[in-house]
Amino acid sequence: MHVTLKLKKYPQAIFLMGPTASGKSEIAEKLKKKLPIEIISVDSACIYRDMNIGTAKPSLSEMGYAPYHLIDICDPSERYSIKDFKNDALKIMHKIISNGRIPLLVGGSMLYFYSLFYGLSPLPPYTPKIRNNLKNKVKKFGWDYIYRKLNNVDPKSSYRIHPNDHQRLIRALEIYIASGFTPTELFNFPKKKFRYDVCQFFILPKKNILHQNIENRFYNMLKNGFQQEVYNLKLRKNLNKNLPSMNCVGYRQMWDYLSGEINYENMVYLTLKATKNLAKKQITWLSKWKKSCYIINTYTSAFAAEKIYDLFKKK
């Protein structure tokens, strides 16, 4: 009797997605003991060096067992684009596969996951001259002028971007000026296919549990020296609060506190509020996800890891 084996067309990979403070890292640690995996961080904050406490990076002992990729790869003064992430992640995934292992991509930066799975539009790079010119116009005419200008050339983008999301407003107009195409037009350009057989999981705790996790984690960050961490960053001449690194949740609020712009109680309140809003946005991405995705309602990290392991082996 001859048995025909069904070979997979593409190599396997695992996406472990979910909102902040949902326990993804703990689950990944459990999976390392069950599967021949290497972990790639999908977190736009964990890329920065010297930002350890406020980003809830895995501990050195955790990373020592099986090092994470794409952690501590940038100085906080540097910019790291979605395109940079995609290029780096694909190279690392190829290397992991070549070593006979499985890439496990873990994080909550949903746009990073999206860029891998659905591809990227051919967006122009960051252009200092154009951006500085736009910032000068902000100083002269205000942010309402920038928003109206975007609405005139690309109403769909202006609808998607909140008027107070200044970084995205500037970037949208920068794209238009640099390329001659609106962001909406570029997003509709054809994209390369993602050549991996991906098993996707989304960790989704109950809302009250998630919010409690967020609060507990931030209070532990404060106990573990988060204020001193931001103070040390603030002392650096090449850092300011408008950089992407310092716009990470918690860092911007602590910077404002250390600058005397808000009091301590307000800093805590605003950080928790921003973190819960971030979690809400991350969960909203789930409704946009077109590909099949297993939803894991966590009870414990061990339970979730066992569930993921069983589903992955059946795939």
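Which residues is glycine 18 in contact with, leaving aside its neighbours within four places in sequence? Glycine 18 is in contact with Lys24, Gly107, Gly108, Phe202, Ile203 and Gln282, where contact means heavy atoms within 4.5 Å.

Good morning, colleagues. The structure before you is a predicted model, in which local features need pLDDT of at least 70 and side-chain atom pairs count only at pLDDT 80 or more, while totals for chains, interfaces and linings use all residues. Residues are numbered from 1 along each chain as its sequence is written, and side-chain values use heavy atoms, with hydrogens and water left out.

I turn to the overall division. The protein chain comprises domain 1 (12-120 + 191-314) and domain 2 (128-188), with bounds from an automatic or database domain assignment. The centres of the two domains, taken over C-alpha atoms, are separated by 28 Å.

Let me return to glycine 18. Its place is in the loop between strand E1 (12-17) and helix H1 (24-32); helices (H or I, at least four residues) and strands (E, at least two) are DSSP runs, numbered from the N terminus. Glycine 18 counts as buried because its relative accessibility is 0%; buried means under 20% relative accessible area, exposed over 50%, and partly exposed in between, with a 1.4 Å probe and protein chains only. In UniProt, an unreviewed entry carries the annotation "binding site" for Gly18, Pro19, Thr20, Ala21, Ser22, Gly23, Lys24 and Ser25. Such annotations may be inferred rather than shown by experiment; their positions follow the numbering used here, and feature names are shortened. Serine 25, within helix H1, is partly exposed, with a relative accessible area of 29%.

Next comes the sheet. Five strands form an open sheet in the order E2-E3-E1-E4-E5, with parallel pairing; two strands pair if DSSP finds at least two bridges between them. Strand E2 (37-42) and strand E5 (294-296) are the edge strands, each pairing on one side only. On average, neighbouring strands of this sheet are turned by 25° against each other, direction ignored. Helix H4 (residues 110-118) packs on the sheet and touches E1, E2, E3 and strand E4 (197-203). The direction of H4 makes about 155° with that of E1; axes are lines fitted to C-alpha atoms, for helices over the stretch in contact, and angles run from 0 to 180 degrees between N-to-C directions.

Is strand E2 enclosed or open to its surroundings? E2 is largely enclosed by the rest of the structure, because six of its six residues are buried. Ile37, Ile39 and Ser41 lie on one side, and Glu38, Ile40 and Val42 on the other. Six bridges join E2 to strand E3 (residues 102-107), and the two run parallel. Serine 41 has valine 106 as its bridge partner in E3, and glutamate 38 stands opposite proline 103.

Finally, consider serine 245, in the loop between helix H11 (226-234) and helix H12 (251-258). Serine 245 counts as buried, at 0% relative accessibility. A polar atom of its side chain lies 2.6 Å from the backbone oxygen of proline 76. Not counting residues up to four places away in sequence, serine 245 touches Tyr48, Met51, Pro76 and Tyr251.

How values were computed. Polar contact = N/O pair within 3.5 Å; in protein donor to acceptor, adjacent residues only side chain to side chain.
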